[in-house]
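Please open the model in your viewer and keep the selection tool at hand. The tour below goes from stop to stop, saying what to select next and what is to be found there.

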Amino acid sequence: MKTTKNQLFKRQITLQEIGDVGQEKLQNASVLVVGCGGLGSPIAVYLASSGIGKLHLVDFDTVDVTNLHRQVFYALDDVYQPKAEVLSKFIKKRAPFTEVTFSNNPITKSTVFELIEKVDIIVDGTDSLPTKYLLNDACVVKNKPLVYGSLYKFDGYVATFNVLQKDGSYSANLRDAFPEMATDIPNCEEAGTLNAIVGMIAMQQVNEVLKLVTGIGKPLTNQLRIYNTLQNTELKMKLKPTFLKDKIAKLFKVQTYVDVACSGQNPHWQISPEELKEKIGNENLEIIAVLNNLKLPFEVQQTIHINSFDADKITVDKSKTYVMVCQRGFNSYRATVKLKNKYPDLEVLNLTGGISSYN
């Protein structure tokens with residue numbers, strides 16, 4: 001079916017604040033969406049549906065069945081397929097005036113500048129703290145606006161960072177709210193999340209992008225909006241831009257921003273589900289779960305939550321093989337690295353893909 005822009009965006013163009021001029025601004029805008037999960041997937045679809053001219057999607061992950069309750073633009077047939085690629089195909093079917101491209105590689109310190117320099121606005125749809133700080137710091141260094149979103153159980157966080165002000169300065173950034181990267185904040189896999197808050201925060205991020213592009217309304221600058229869905233309470237944390245570009249540029253030079261979940265895993269420290277099935281019951285095998293309340297198809301000898309995982313407090317038997325398990329193989333790999341660093345000669349393996357791949 002052939003359609004025109006006026007037909008497709010009629011309801012939007014009808015808004016006096018948008019009109020043909022605003023729609024043309026959307027058509028000429030380019031946006032980078034980092035993360036194609038609970039936040040990033042609806043953000044990308046709604047931005048394309050609004051008429052954003054160019055979208056680039058970045059996500060290293062594949063669709064997992066546990067994603068589907070909140071990542072509603074994926075289907076059962078998409079499980080095990082690359083998220084960015086699947087989402088790109090979906091968008092192309094419904095947004096004929098959006099040029100959408102994608103990358104299946106994680107965003108890193110060595111690639112971030114190349115990615116953000118090509119776009120007008122960057123949207124953070126990740127659940128990785130190192131990646132959030134990487135995006136924030138890179139955007140500050142390159143004078144790019146960042147639309148931030150984050151989730152914790154029933155709480156959602158939204159802000160628009162590093163926007164050029166009328167006086168030539170830039171608005172507050174993530175480090176003005178949280179100067180140091182926390183080390184004990186669980187992600188959605190660890191803490192859990194309800195699908196409603198995911199969609200609500202994603203839509204608020206879309207709203208911020210549309211305001212920035214069209215120049216209407218008041219963006220969430222110099223503040224962090226925190227919304228709780230259970231109590232319907234809202235808090236706006238006021239921010240002052242005190243963590244400035246020079247300081248962040250110095251930090252950028254020394255920080256690695258490495259997230260184990262996004263980085264390559266050592267192939268020699270892996271055990272496949274098939275290999276583990278063959279070894280279950282072996283007295284020289286010890287399985288350690290690194291997330292609480294996992295539904296496991298086998299017995300484990302220890303359960304130690306990843307946030308309190310201390311290799312120094314684990315008594316090891318060097319005649320045994322230790323296997324770390326979690327839901328998807330990311331947190332268990334973090335535990336594997338910690339134990340291998342403490343005991344380099346110990347046989348420590350990570351269950352590749354986690355329990356989700358153990359069928």
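Begin by selecting Lys 109 and Gln 255: a polar atom of the Lys 109 side chain lies 2.8 Å from the backbone oxygen of Gln 255, where a polar contact is a pair of N or O atoms within 3.5 Å, one able to donate a hydrogen and the other to accept it within protein, and residues adjacent in sequence count only if both atoms are side-chain atoms. This is a predicted model, in which local features need pLDDT of at least 70 and side-chain atom pairs count only at pLDDT 80 or more, while totals for chains, interfaces and linings use all residues. Residues are numbered from 1 along each chain as its sequence is written, and side-chain values use heavy atoms, with hydrogens and water left out.

Stay with Lys 109, which is found in the loop between E3 and helix H6 (112-116); helices (H or I, at least four residues) and strands (E, at least two) are DSSP runs, numbered from the N terminus. Lys 109 is partly exposed, with a relative accessible area of 26%, given that buried means under 20% relative accessible area, exposed over 50%, and partly exposed in between (1.4 Å probe, protein chains only). If neighbours within four places in sequence are left aside, Lys 109 is in contact with residues including Leu 134, Phe 252 and Tyr 257, contact meaning heavy atoms within 4.5 Å.

Next, select helix H5 (residues 83-94), whose 12 residues reach 17 Å from the first C-alpha to the last, close to the 16 Å expected at 1.5 Å a residue; the expected span is 1.5 Å times one less than the number of residues. Which residues of H5 are buried? They are Lys 83, Ala 84, Val 86, Leu 87, Ser 88 and Ile 91, and what covers them includes helix H4 (40-50), strand E2 (54-58) and strand E3 (99-103).

From there, move to Asn 67, in the loop between E2 and H5. Asn 67 is buried, with a relative accessible area of 1%, and, not counting residues up to four places away in sequence, Asn 67 touches Thr 62, Lys 83 and Arg 328.

Now display the open sheet that five strands form in the order E9-E13-E12-E10-E11, with parallel pairing; two strands pair if DSSP finds at least two bridges between them. Its edge strands are strand E9 (270-271) and strand E11 (302-303), each of which pairs on one side only. Helix H13 (residues 331-342) packs on this sheet, touching E9, strand E12 (321-325) and E13, and its direction makes about 170° with that of E13, where axes are lines fitted to C-alpha atoms, for helices over the stretch in contact, and angles run from 0 to 180 degrees between N-to-C directions.

The last stops are salt bridges, each a side-chain nitrogen of Lys or Arg within 4 Å of a carboxyl oxygen of Asp or Glu, and the count by this rule comes to 10. Select Lys 320 and Glu 286, whose side chains meet in a salt bridge (3.4 Å, N to O). Lys 320 lies in the loop between E11 and E12 and Glu 286 in strand E10 (residues 285-289), so the pair ties together parts that are 34 residues apart in sequence. Lys 320 counts as partly exposed at 23% relative accessibility, whereas Glu 286 counts as buried at 9%. Finally, select Glu 234 and Arg 225, which form a salt bridge with the closest N and O atoms 2.9 Å apart; Glu 234 is partly exposed, with a relative accessible area of 43%, and Arg 225 is buried, with a relative accessible area of 16%.
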